[in-house]
Amino acid sequence: MKLFSFLIRYLLFYFKAICSDKIVPDQINQLLREKNTRQLKKNTDFIKIAKLRNQLLKSEKEIQINDFGAGSNINHSDKRKIKDIVRNSAKNQKFGQLLYKIAQLYKPSIILELGTSLGISTCYLASGNKESNVITLEGCSNTAQIAKNNFEEINQENIEIILGDFSDTLEKKLNKIKSVDLVFIDGNHKEKSTISYFKTILKYSHEETIFIFDDIHWSEGMEKAWQYIKKHKKVSCSIDLFFLGIIFLDKEFKKTHSVVRF
């Protein structure tokens, strides 16, 4: 039933995307239209992360998952193989590279990620701007340890992992860093929690802060959270890519809500 509902949500998105005016900021529009050119294929960061992903996809190791959020729609067991976590939970190459290119384009000093998992998305964000400080929050100690090993594997040194329930760790860290430039929310996947994270981080944001939300159509609750967030008075522009949602606060952007197939 959940799969059927998900397919219905995708079909609705698909037809909205066909009818959408696709009014998005020029720089982001360029990233969305950018093809997988020969230059991109030779990108050493992409090659390293792809190699890491392929290694993880071969791992039969089973780990205990401590999940504080909504869990998985596919695997409800608290014990999962690493290869299955990568296959079912990690962002695919196309969206990972988009995270990288956004970090590369906007050069955020402080990147905040909620939901490290095995660290693949973290690697894309951290590689996109190696001068940034990437703070990633994770609730599960076993996945956090594997993520830490993965960061060491590809010599990614600008990442700090904070372990614990987001309700305990998020605002404490925000109080220390005072401001964030790029936010990727990929944890919990519950309506109220997602809205709460957004409101909390918004207090430490500025006009150039960019929010990226994962799985905005993952459930009816996540869709309601996305609707709330994109209509917030501080939001100037939203882009719905189905698997990701991008939010801008910059008042220079025209108030638009675009649905784009990517």
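I began with Phe184, whose bridge partner in β7 is Ile212. Strand β6 (residues 182-185) and β7 are paired parallel, over four bridges; two strands pair if DSSP finds at least two bridges between them. Helices (H or I, at least four residues) and strands (E, at least two) are DSSP runs, numbered from the N terminus.

The model is a predicted one, in which local features need pLDDT of at least 70 and side-chain atom pairs count only at pLDDT 80 or more, while totals for chains, interfaces and linings use all residues. Residues are numbered from 1 along each chain as its sequence is written, and side-chain values use heavy atoms, with hydrogens and water left out.

**Sheet.** I followed the strand order and read β5-β4-β3-β6-β7-β9-β8-β10, an open sheet of eight strands with mixed pairing. β5 (159-163) and β10 (256-259) are the edge strands; each has a single partner, so one side of each has no neighbour in the sheet. From one strand to the next the twist averages 15 degrees.

**Strand β9.** Three residues separate β8 and β9 in a hairpin, and Phe242 in the turn has a positive phi of about 70 degrees.

**Phe95.** Which residues does Phe95 touch, leaving aside its neighbours within four places in sequence? I found Leu241, Phe243, Leu244 and Phe262 in contact with Phe95, contact being heavy atoms within 4.5 Å. Phe95 sits in helix α6 (residues 93-106) and is buried at 4% relative accessible area. Between Phe95 and Leu244 the C-alpha to C-alpha distance is 8.1 Å, across 149 residues of sequence.

**Helices α4 and α7.** I checked α4 (residues 44-57) against α7 (residues 120-128): their angle is about 170 degrees and their axes are 10 Å apart. Axes are lines fitted to C-alpha atoms, for helices over the stretch in contact, and angles run from 0 to 180 degrees between N-to-C directions. The two helices are therefore roughly antiparallel, the term for angles over 145 degrees. Among the residues that meet are Phe46 and Ile49 in α4 and Cys123 and Tyr124 in α7.

**Salt bridges.** I counted eight salt bridges, each a side-chain nitrogen of Lys or Arg within 4 Å of a carboxyl oxygen of Asp or Glu. Asp45 pairs with Lys130, the closest N and O atoms being 2.8 Å apart. Asp45 is in α4 and Lys130 in the loop between α7 and β4, so the pair ties together parts 85 residues apart in sequence. Asp45 is buried at 8%, whereas Lys130 is partly exposed at 45%.

Asp214 and Lys91 form another salt bridge, with closest N and O atoms 2.5 Å apart. Asp214 lies in β7 and Lys91 in the loop between α5 (82-89) and α6, so this pair links parts 123 residues apart in sequence. Asp214 is buried at 1%, and Lys91 is buried at 7%. I also noted a network of salt bridges linking Glu60, Lys81 and Lys83.

Technical notes. Buried < 20%, exposed > 50% of the residue type's maximum accessible area, 1.4 Å probe, protein only. Parallel < 35°, antiparallel > 145°, perpendicular 65-115°, else oblique.
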